[in-house]
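This report looks at one helix and its surroundings, then at the nonpolar cores. Please keep the sequence and the model in view while reading.

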Amino acid sequence: MEAEQLSEYSVLIGGKAGDGIAQAGQLIASIFSELGYYVYQYIDYPSLIRGGHNFCIIRASDKPVFTHRTGVDLILALDQKTADLHTSNLTTKGTVIYDSPKVKTEGQALPIEEIVAQFKGRAIMGNTAMVAGFCGCAGIPWNLVESVFRKKLTKETDINLLIAREAFSRISPCMQVHPVDGASPRPLLSGNEWIGLGLLAGGIDAYVAYPMTPSSGVLHFLASVADEAGIDVVHPESEIAVILMALGFAYAGKKAAVGTSGGGFCLMTEGLSLAGMSEVPIVIVLSQRGGPSTGLPTYTAQSDLLFACHAGQGEFPRFIAAPATPVEAFKWAAESVQLAWRLQIPAFILSDKTFSEGIYTPETTPEVRAYAPLPSPSYPYKRYADTPDGVSPILVPPYKGEVIKVNSYTHDYAGITSEDSEMSIAMVHKRFRKAEKLSAMTDQPGAVFCGGSVEAKTTILCWGSPRGVCSEVAEELDLRLVSPVVISPFPASEFKKAMQGVEKVILVEDSSTGQLDKILALEGYRTDELILRYDGRPFAVEELLEKVRRVAS
C-alpha cells in the first residue's frame with residue numbers, strides 16, 4: 001500500500017477489559033505528542049474487570065483538538081468484536097492491523113501470541129506488539145518508538161522492546177506520519193490531571209477523596225505527587241467522612257479539596273450545607289456520570305448540573321465552573337481554590353466522564369489570576385464579624401487568647417448559637433452580600449466562551465465537554481458558539497454580550513432534559529432547539545454535524 005501523509009490522524013485500538021487498551025492508547029498518544037501533534041484521546045469501556053468491549057480513539061492533529069471523529073484511519077483489533085463493530089468507520093484509505101489467528105478480517109495480520117511467546121513475555125504485552133505494529137504502519141522511525149517505550153514502559157522494559165521490535169518489523173507502512181514542522185513535544189495529560197494541577201496552582205494543602213469513577217484520576221494523580229507537592233492526600237472510608245475531614249482541614253487553616261461523582265456527592269450534601277452555614281471554604285470536584293443511582297458508572301452525562309446548583313438545605317452562595325479545555329480546567333481549578341478561601345464558600349469544578357478521563361494537549365499556556373487576600377482580623381476575634389461585603393476575616397486555631405468558634409446553627413458574630421429574629425436576618429443578608437461579591441468577581445471576561453462565526457445570528461449553546469465537538473460543528477456550518485464556563489453565579493453581563501444579535505439558539509447537552517435550558521429561562525433566555533444525548537456516549541463530529549445541520553436553517 002502506498003504511504004500517505006496527512007495533517008490529522010485518527011487511530012482506534014480495541015479489545016477486552018484486561019487487554020490494557022487504555023495503556024496502549026496512551027502509548028500511541030505519547031508517540032503523536034512526541035512528534036509535536038495536538039492529541040485528544042477518547043476512552044470507552046464498560047464497568048467490567050474482564051471481558052466486554054473496550055476501545056480508545058486517539059486523534060492527532062497539527063491544530064488543537066478536543067473531541068473525536070467517527071471516521072478512523074487505522075484500526076488495531078485485538079479481538080474479533082473490534083473488527084466487527086468498527087471497520088465500517090474506516091476512512092477511504094484506512095486499514096486494519098489485527099491479531100491473527102484470533103481475528104478474521106481484511107488488513108495486515110500480526111501474530112501477537114506467537115511474537116509474545118517468542119520472547120517469553122506475558123499475555124498483556126500483546127498490546128505492546130500492537131502499538132509497535134501501528135508505528136510500523138505509520139512509518140514512524142524505530143529510534144523514536146524505542147525512546148517513547150523506554151519512558152512509558154518502566155517495568156520489564158527489555159522484553160517489551162524485543163516484542164515491539166519484532167512486531168514493528170512485520171508491518172508494512174500504509175501512511176507517513178512526519179513530525180509537525182517547528183513543533184516540540186507537547187504535554188499530554190487527562191482532564192483529571194489538568195484539574196489536579198490547577199488545584200496545586202491554587203495552593204491546596206490537602207485533597208480528600210473516596211475513589212469514584214470518573215473523578216478517581218484526580219485522587220490518583222495527586223497521591224502520586226503528594227510528597228513532591230507537599231500536600232496531604234487522604235482516602236477515608238466514605239464520602240461523608242471525606243467532606244467532614246476536608247472541612248476539618250479547612251477550619252485548621254489548610255486549603256482542602258474533595259473529589260467525587262453523583263452518588264458520592266449525594267452523601268456529601270449535608271456537609272455542603274454545613275460549609276454554607278459555618279462559612280468554612282471547600283472545593284468540590286464533581287465529575288458526572290450517568291444516573292440515577294449507580295446508573296452508567298463508566299459513561300458520561302451532564303445530568304447533575306441542577307443538583308450542583310441546588311444541593312444542600314437552605315440558601316447560601318456557591319461558585320460553579322464547568323471547564324471544557326485543559327487550560328480552562330487548570331485556570332478555574334486554581335481560581336476555585338482562591339475564590340473559596342477569599343469568600344469562605346463552597347466552590348465546584350463541574351466535570352464529566354468525557355472530560356475527566358479524556359487525554360489532551362493544551363492549546364496555550366495556562367494562566368491564573370490572583371485575588372486580593374482577606375483583611376486582617378481585629379481583636380477580640382469574632383469569627384463571623386460583619387463587613388460591607390459579608391466576608392469575615394479568618395483566624396485559625398490555635399491562637400493565644402482567642403476563641404475561634406464555627407457553628408452549624410444560626411449564630412451571632414462570635415459564632416454563638418442564636419435564634420434571635422434580627423440576628424437570623426442579619427446572617428442571611430451577610431451571606432447574600434457574599435453572593436453579590438462573588439458575582440462581581442466572576443462575571444468577567446473568560447466567564448463565557450464565544451467562538452465560531454461570532455456575528456452569526458444562529459448559535460450553538462453548550463457547556464462543559466461538548467464544547468469540543470460543538471466548536472468544530474460551528475466552524476463547519478458558520479454558526480456562533482456560546483459556552484458559559486461559570487455557571488453559578490450566572491455571569492449575566494458576559495452572557496448578554498456573547499448573545500448580542502442572536503436570533504436562534506440550539507442547545508447541545510448530554511442529558512435527557514436540557515438542564516442549562518432551565519437556568520437560562522430564569523435569566524430571561526429561551527432555546528429554540530434541543531439536541532440531547534443520554535446514552536452515556538459523547539457526540540462525534542460527524543454525528544452532531546448532521547443533527548445541527550437539520551435544525552439550523
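Helix H1 (residues 21-34) has 14 residues and reaches 20 Å from its first C-alpha to its last, close to the 20 Å expected at 1.5 Å a residue, where the expected span is 1.5 Å times one less than the number of residues. Helices (H or I, at least four residues) and strands (E, at least two) are DSSP runs, numbered from the N terminus. This is a predicted model, in which local features need pLDDT of at least 70, side-chain atom pairs count only at pLDDT 80 or more, and totals for chains, interfaces and linings use all residues. Residues are numbered from 1 along each chain as its sequence is written, and side-chain values use heavy atoms, with hydrogens and water left out.

H1 is mostly covered, since 10 of its 14 residues are buried, meaning under 20% relative accessible area, with exposed over 50% and partly exposed in between (1.4 Å probe, protein chains only). The buried residues of H1 pack, through contacts of heavy atoms within 4.5 Å, against the elements in this table.

| Element | Residues |
|---|---|
| strand S1 | 8-17 |
| strand S2 | 38-44 |
| strand S3 | 51-61 |
| strand S4 | 72-77 |
| helix H4 | 126-137 |
| helix H5 | 142-152 |

Just after H1, Gly36 takes a positive phi of about 95°.

A nonpolar core is a set of buried Ala, Val, Leu, Ile, Met, Phe, Trp, Tyr and Cys residues joined through side-chain atoms within 4.5 Å. The largest one has 94 residues, of which Leu199, Tyr207, Leu222, Ile284 and Phe319 touch the most other members. Its largest share, eight residues, comes from helix H12 (residues 326-343). A second, separate core of 52 residues includes Ala24, Val39, Ala132 and Cys137.
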